[in-house]
Amino acid sequence: MKKHLLFSLLILSCSAVHAEPISLEYRGFYQRLKQVNKGNYQLVEVAFSVAKSTACKVIDGTISTEKESFPLTKTKDQRIFLPYDAQLKSDRALINLNVDGDASTCAIAMQVRAKNTKADYGQTELAQIQAEMDALLSQMQGFPMRYFASDIAGLNLEFDTKAVVNLNGKQIPVDGTYRLSREAIAAIESISFSQAPKVISPWTAQ
């Protein structure tokens, strides 16, 4: 149930917009950022990004009100960084993205992920990341669905290139994504990686 609800909740489609630039209301993003801020999560965050494709390449972007306009920071992976600002919400700010390609193919996704990644972890820290993801995703379900939501199955560790996971003294070659189940996290004695994961995100498989 959680997997279906997660993706239906977190994808903001731009298919109705055919002209450049794409413009989206800041209000919806603010509500998600508010949930994270209120929860005071130490190790997890939400990240907004435009799905990468040859048909939708982000050139630049701004966040604007009737009186002001500010540039948006983006990464090569098309992640965009949005401020948590109640005044922007009150001023009915818009997020404006200039894209090279067909704007009707663009979509902005929100992903829950670890704030930072590193090459080695203790069991306690990974368990806390898992617990904070459980709590944040449950909060995002909204009433009354959060009371029926399942916990995540574990963690996805995504690597840019081939990597090696050293888990409890065993070396495991990885090409792409390595999954740690809840049971595996609970049983960790030691874990490290040949390189820091690019992203640590919830594994929502049933």
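I started with strand β4 (residues 56-64), which runs antiparallel to strand β8 (residues 94-101), with eight bridges between them. Strands here are DSSP runs of E, at least two residues long, and helices are runs of H or I of at least four, numbered from the N terminus; two strands pair if DSSP finds at least two bridges between them. I checked I63 and found its bridge partner in β8 to be I95.

Before going on, I noted that this is a predicted model, where local features need pLDDT of at least 70, side-chain atom pairs count only at pLDDT 80 or more, and totals for chains, interfaces and linings use all residues. Residues are numbered from 1 along each chain as its sequence is written, and side-chain values use heavy atoms, without hydrogens and water.

Next I followed β4 into its hairpin: four residues connect it to β5. β5 covers residues 69-71 and pairs antiparallel with β4 over three bridges. S64 sits opposite S69 of β5.

α2 (26-39), β3 (44-50) and β7 (79-81) each give two or more residues to its lining.

Which element gives the largest share of that lining? I found β3, with four residues. Among the lining residues I jotted down E45, F48, R79 and Y84. By class, the lining has 10 nonpolar residues, no polar and two charged, with Asp, Glu, Lys and Arg counted as charged, Ala, Val, Leu, Ile, Met, Phe, Trp, Tyr, Cys and Pro as nonpolar, and the others as polar.

Conventions: On a 1 Å grid over the protein atoms alone, a cavity is a set of points where a 1.4 Å probe fits but cannot get out, and a pocket is an open set with protein on both sides within 12 Å along at least five of seven lines; lining residues have an atom within 4 Å of a point.
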